[in-house]
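Here is a short report for someone meeting this structure for the first time.

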Amino acid sequence: MSDDRLIVALDVADALTGLKLTERLGDAVSFYKIGLGMLTGGGLALANELKQEHGKRIFLDMKLFDISATIEAAVRGLAQFDLDFLTVHGDPHVVAAAKEGVAGKDLQILAVTILTSLDRDDLDDGLMKQGDVQDLVLERASKALLAGADGVIASPQESALIRALPEAAGKLIVTPGVRPLGAELGDQKRVMTPADAIANGSDHIVVGRPVWQAADPRDAAQSILASLP
C-alpha cells in the first residue's frame with residue numbers, strides 16, 4: 001500500500017472518470033478525496049466502491065454547514081458508509097453536532113478553518129472578522145479542536161502554527177493548497193510544496209490537478225511521494 005500521506009483529489013466530472021483515474025494510479029495511491037463537485041456525478045457510489053472493493057481510504061470533502069440538528073442528521077447518514085474523513089465548517093456548533101452524528105463510528109471529522117483559495121481581500125468582501133488571516137485560522141482551529149474536531153483543514157502556511165497549539169496534540173492536520181515545484185497555482189493563494197507542508201507539521205497533503213492533469217498521473221503521484229521527508 002502506498003504512503004497515505006498523499007491524498008489525491010478526484011476533482012473530475014463524474015464517478016466513471018474518477019474510477020478510470022484510480023485505475024491509472026493503481027497501487028501508487030491509497031487515499032482519495034471526493035468532494036462536492038462529483039456529488040451529483042456518482043461521488044458517493046465511487047467512494048463506496050473504492051473503499052469496499054479496492055481497499056482505498058476515502059476523504060469525503062463536503063464542508064457541511066447548517067443548524068446543529070441538520071448537521072447531526074446529515075453526518076449520521078454519511079457515517080454509515082464506513083469512510084475515513086469528512087469535512088465540516090469549523091464553527092464550534094457545527095463541529096459539535098457532527099461529532100454527535102458520528103457517535104460509535106470511525107469516521108473522523110475535520111474542521112475547515114479558512115479556505116486556501118481565500119486571502120484578506122476575500123474575507124473583507126465576505127464581511128468576515130478583521131485581522132491577519134493566519135491569526136484567524138489559528139483562532140478557528142483552536143475553537144474547532146476544543147469543540148471536538150479530530151483535526152483541521154488548513155493551508156500549509158499555517159500547519160506549523162496549528163501544530164504548536166496545545167489543543168492540537170494528537171489531532172490531524174490535512175493540507176490542501178499544495179503544489180509541487182513548477183506547478184500552476186490555479187485558484188490557490190496560500191500554497192507550499194508537498195515536502196515543506198509535511199515538514200511544517202501536516203499529516204496529509206491533498207493534491208488534485210498536478211496529478212490528474214499530468215500526462216502520466218501515476219508518475220506525478222510517485223514523484224510527489226518521493227519528495228516527502
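## Strands and barrel

Strand 1 (residues 6-9) and strand 2 (residues 31-35) run parallel and are joined by two bridges. In this pair, V8 stands opposite Y32 of strand 2. Strands are DSSP runs of E with at least two residues, helices are runs of H or I with at least four, and both are numbered from the N terminus. Two strands count as paired if DSSP finds at least two bridges between them. Eight strands form a closed barrel in the order 1-2-3-4-5-6-7-8, with parallel pairing. Neighbouring strands of this sheet are turned by 25 degrees against each other on average, direction ignored.

The model is predicted: local features need pLDDT of at least 70, side-chain atom pairs count only at pLDDT 80 or more, and totals for chains, interfaces and linings use all residues. Residues are numbered from 1 along each chain as its sequence is written, and side-chain values use heavy atoms, with hydrogens and water left out.

## D61 in strand 3

D61 lies in strand 3 (residues 57-64). D61 is buried, with a relative accessible area of 7%; buried means under 20% (1.4 Å probe, protein chains only). Its contacts, counted as heavy atoms within 4.5 Å, include K33, I34, G35, L36 and T87, not counting residues up to four places away in sequence.

| Side chain | Partner side chain | Polar contact |
|---|---|---|
| D61 | K63 | 2.7 Å |
| D61 | T87 | 2.6 Å |

## Core and helix 6

A nonpolar core joins buried Ala, Val, Leu, Ile, Met, Phe, Trp, Tyr and Cys residues through side-chain atoms within 4.5 Å. The largest has 61 residues, and L6, L86, I162 and I205 have the most contacts inside it. Helix 6 (residues 133-146) gives the largest share of this core, seven residues. A second, separate core of eleven residues includes I7, A9, F85 and V206.

D132 caps the N-terminal end of helix 6, with a side-chain oxygen 3.0 Å from the backbone nitrogen of Q134. Among the buried residues of helix 6 are V133, L136 and R140. The buried residues of this helix pack against elements including strand 4 (85-89) and helix 4 (92-101). Just after helix 6, G148 takes a positive phi of about 115 degrees.

How values were computed: Buried < 20%, exposed > 50% of the residue type's maximum accessible area, 1.4 Å probe, protein only. Polar contact = N/O pair within 3.5 Å; in protein donor to acceptor, adjacent residues only side chain to side chain. Axes fitted to C-alpha atoms, helices over the stretch in contact; angles between N-to-C directions.
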